[in-house]
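Visitor: Could you walk me through this model and tell me what stands behind each term you use?
Guide: Gladly, let us look at it together.

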Amino acid sequence: MPISSNLIAEFKNLLGPENVLTEETDRLSYAYDAAVLKQVTPGLVVMPDNEERLGRTVKLAYDNSLPITVRGSGTNLSGAVIPDSSDTVVILTNKLNKILEINLEDLYAVVEPGVLTAKFANAVAAKGLFYPPDPGSQAVSTLAGNVALNAGGLRGLKYGVTKDYLMGVEFFDHNGELVKTGSRTVKCVTGYNLGGMMVSSEGTLGIFSKLIFKLVPPPKASQAMMAVYDTVEGASETVAAIIAAHILPCTLEFLDQKCIRVVEANSKIGLPTEAAAILLIEVDGSHQAGVDEDAAKVKELCAKCGSKNIQVARDAEEKNKIWEARRNALPSLARAKPTTVLEDATVPRSKIPAMVSELNRIASKYKLEMGTFGHAGDGNLHPTILTDRRNEEEFKRVEDAVDEIFDVALSLQGTLSGEHGIGIAKAKWMVKETNKATIEFSKRLRTALDPKYLFNAGKKII
Ligand SMILES: Cc1cc2nc3c(=O)[nH]c(=O)nc-3n(C[C@H](O)[C@H](O)[C@H](O)COP(=O)(O)OP(=O)(O)OC[C@H]3O[C@@H](n4cnc5c(N)ncnc54)[C@H](O)[C@@H]3O)c2cc1C
């Protein structure tokens, strides 16, 4: 049902007409995100420009029973900001983009929800501190989007993911009332851990207005290397061996031959296109001697697991080349075919060799072109199927393959999603990983906090 002109006038009155998009051509830009899913054009797109107006926007929409989808940069890969219906109000956070405080004494920062991840990390670095979570999308993703999906990144293995840095959250509930949880202190056990509840909440429980993040001192020394393998097994066994040796590289990334070839075709950085797989590894720490020791152990393990060629970056330029290979993996794969289906089923790290071999079996069983890359050190691989959605017969095979990928991951005691979230894309599989009681419990929680089920309807729990 279209949103009434009276209600649109109320939004314009509240936010200013320039912050309310009503034209279909404008609204169309918010019908999709980075997932390969059916588009739904929202009824209205609004851009509150301060906290108070954000709260009043939530209240106005909720009181009038309009579905609400809050959107950062729309880079999620699970359909988490595709509107549920054509009367949905999309709340954009792009005008709530201030870094409010970077505290050098107590090592925390306070930000508005729409601050871009890389902009924040750079501002923190400029002050001599470190905000480690670095999703591949960090140049465009927002910090609220990162919290709402608990985004990971290349440094997850040693430094953890977004939730490990969240100290406090303020958010609006369905009445437009401000709820506060956590604090600027390292320790805080006041009240329920509502911040923990809001992590990965995918816009379904409340709308963040302020976030407090922990900062840490940056590492003083690092060493990056690329290990080249003739067999995929060699690379995946190295991952398990490094973890089993209790070494924690800050980054431990995997690229298979398909990825190596598409990245090299696009970027010409001199990758070994005949290799079956490569590992990109970085160790860091406070002292060069300790880093050198870890790097030597890692090299030894790579060689033991079959790598005949281990290239250590001699300077910043060579290090950058190594990371360029990884940064270009998804963009290069996405250019290869009209449709890219990217998954993030994740397994315990010791199961990486089994998962990689199952992925190869699934690709050949369904006769699909698949490249796999990802955060091997976290057990979080991204099998990426290159296809064309318009080819119905092939796309059916893609869907069957994705089903089987999830089944395999779960049978290896893994999870449906390591970092991309459930959104629309994986909601139907939730019960397979959990159980009916868990779904019912989650529904009761959601209904208690959102009695009309208007916050990002159709996502996460269906
Ligand atoms: C090229 C590429 C690389 C990527 N690499 C990674 C990676 O390495 N690691 C990783 O984890 N992800 C990665 N992603 C996925 C994605 O970028 C992340 O999930 C990111 O956190 C989404 O941020 P966003 O601002 O785009 O959020 P959106 O996509 O706009 O929204 C994501 C979720 O956050 C909710 N949300 C947004 N703002 C608020 C708010 N104010 N209050 C409450 N909820 C809110 C939305 O409702 C939605 O449920 C990648 C995506 C792409 C396209």
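The conversation below takes up helix pairs, sheets, hairpins and the ligand shell in turn.

Visitor: What should I know about the model before we start?
Guide: This is a predicted model, where local features need pLDDT of at least 70 and side-chain atom pairs count only at pLDDT 80 or more, while totals for chains, interfaces and linings use all residues. Residues are numbered from 1 along each chain as its sequence is written.

Visitor: What makes a stretch a helix or a strand here?
Guide: Both are DSSP runs numbered from the N terminus: helices are H or I with at least four residues, and strands are E with at least two.

Visitor: Why is α13 called roughly antiparallel to α14?
Guide: The axes of α13 (residues 352-365) and α14 (residues 392-411) come within 10 Å and cross at roughly 160°. Angles under 35 degrees count as roughly parallel, over 145 as roughly antiparallel, 65 to 115 as roughly perpendicular and the rest as oblique. The crossing angle therefore makes α13 roughly antiparallel to α14. As for how such angles are taken, axes are lines fitted to C-alpha atoms, for helices over the stretch in contact, and angles run from 0 to 180 degrees between N-to-C directions.

Visitor: Which residues meet between α13 and α14?
Guide: M355, E358, L359 and I362 of α13 meet A401, E404, I405, V408 and A409 of α14. Residues are in contact if their C-beta atoms, placed from the backbone, lie within 7 Å. By class, this contact has 7 nonpolar, no polar and 2 charged residues. Here Ala, Val, Leu, Ile, Met, Phe, Trp, Tyr, Cys and Pro count as nonpolar, Asp, Glu, Lys and Arg as charged, and the others, Gly among them, as polar.

Visitor: Is the crossing of α13 and α14 left-handed or right-handed?
Guide: The crossing of α13 and α14 is right-handed. A crossing gets that name if the near helix is turned clockwise from the far one by less than a right angle, and left-handed if anticlockwise.

Visitor: What makes α1 roughly antiparallel to α3?
Guide: Helix α1 (residues 5-15) packs with α3 at an angle of about 170°, their axes 10 Å apart. That angle is why α1 is roughly antiparallel to α3. The contact is formed by E10, F11, L14 and L15 of α1 with R53, R56, T57 and L60 of α3. These residues divide into 4 nonpolar, 1 polar and 3 charged.

Visitor: Why do β1 and β3 stand at the edges of their sheet?
Guide: The sheet is open, with 4 strands in the order β1-β2-β4-β3 and mixed pairing. β1 (20-21) and β3 each have a single partner strand, so one side of each is left without a neighbour in the sheet. Strands pair if DSSP finds at least two bridges between them. For β1 and β2 (residues 44-46) there are 2 bridges, in an antiparallel arrangement, and V20 has V46 as its bridge partner. Helix α3 (residues 51-63) lies across β2, β3 and β4 (89-92), running at about 155° to β3.

Visitor: Which strands make the other open sheet, the one of 7 strands?
Guide: The order is β13-β10-β12-β11-β15-β16-β14, with antiparallel pairing. β13 (309-312) and β14 (339-342) stand at the edges with a single partner strand each, so one side of each has no neighbour in the sheet. The twist averages 15° from one strand to the next. α13 packs on this sheet, touching β15 (369-375) and β16 (380-387), and its direction makes about 160° with that of β15.

Visitor: How do you know that β11 and β12 pair?
Guide: β11 (residues 251-256) and β12 (residues 277-285) share 6 bridges in the antiparallel sense. One of the bridge partners is L280 in β12, for E253.

Visitor: What do β5 and β6 form?
Guide: β5 and β6 form a hairpin with 4 residues between them, and L107 in the turn has a positive phi of about 55°. These antiparallel strands, residues 99-103 and 108-111, are joined by 4 bridges.

Visitor: Which residues come nearest to the ligand?
Guide: Of the 36 residues around the ligand, G72, G136, G145, A148 and G203 come nearest. A residue is near a molecule if its C-beta atom, placed from the backbone, lies within 6 Å of it. The largest share of the shell, 5 residues, comes from α5. By class, the shell has 14 nonpolar, 18 polar and 4 charged residues.

Notes:
Contact = placed C-beta atoms within 7 Å.
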